[in-house]
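Me: I am new to this structure and would like to go through it carefully, one question at a time. Could you show it to me before we begin?

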Amino acid sequence: MGSSDVTPQMAFARFVRRAIDDARDERGWTVTDLASHTGVGRSTVFRWLAGDWQDYPELAKVRGFCAALDLPVAAAFRALGLPDAGPAPRKRGDDGPVEADVRVILDRLADPTVPAEEKHHIRDLLRYLARRPIRRAG
């Protein structure tokens, strides 16, 4: 079986396996912890790992799984062989540089060659920035 013969089930199983391994390495989570944090049941996680599905996984579950693990949903959809079903890109011109910066960060988090420790630091910094109060000029 050549690389072009990789099924969506196999590609998504690899994506889920990497996510589970990262959650264990970075957060100390078991599959049970992962299920409770993501809202995706253990049996569903194990089906995804086994590639045991005919119809595509529920996209809401895939989104919840990715959100809880700080993973880009687009990477999960790519693994499933689906177009990015996330929000449509905004057309406002002033979003360009921010979108490009965010894409670079998301790509680093999805890159299997980036060490888990570096991903952990990126996520910690993003969480800090997300919780910081916004200072209003004035």
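Reply: A helix here is a DSSP run of H or I that covers at least four residues, with numbering from the N terminus. The model shown is a predicted one, and helix 2 in it is followed by G39, whose phi is positive, near 80 degrees.

Me: Which residue caps the N-terminal end of helix 2?

Reply: At the N-terminal end of helix 2, a side-chain oxygen lies 3.3 Å from the backbone nitrogen of T32. The residue that provides this cap is T30.

Me: Why do the buried residues of helix 2 lie on the same side?

Reply: In helix 2, which runs over residues 31-38, the buried residues are V31, L34, A35 and T38. They lie on the same side of helix 2 because the arc they cover around the axis is only 100 degrees. Their cover includes helix 3 (42-50), helix 4 (59-68) and helix 1.

Me: In which helix is confidence lowest?

Reply: The mean pLDDT of the chain is 81, and confidence is highest in helix 1, at 94. Over residues 86-95, pLDDT stays under 50. Where pLDDT is low, the predicted coordinates should not be read in detail. Among the helices, confidence is lowest, at a mean of 72, in helix 6.

Note on methods:
Residues numbered from 1 in each chain as written. Predicted model: local features only at pLDDT ≥ 70, side-chain atom pairs only at ≥ 80, totals over all residues. Heavy atoms only, no water. Buried < 20%, exposed > 50% of the residue type's maximum accessible area, 1.4 Å probe, protein only. Helix = DSSP H or I, 4+ residues; strand = E, 2+ residues; numbered from the N terminus. Arc of directions from axis to C-beta. Contact = heavy atoms within 4.5 Å. Polar contact = N/O pair within 3.5 Å; in protein donor to acceptor, adjacent residues only side chain to side chain. pLDDT = per-residue confidence, 0-100.
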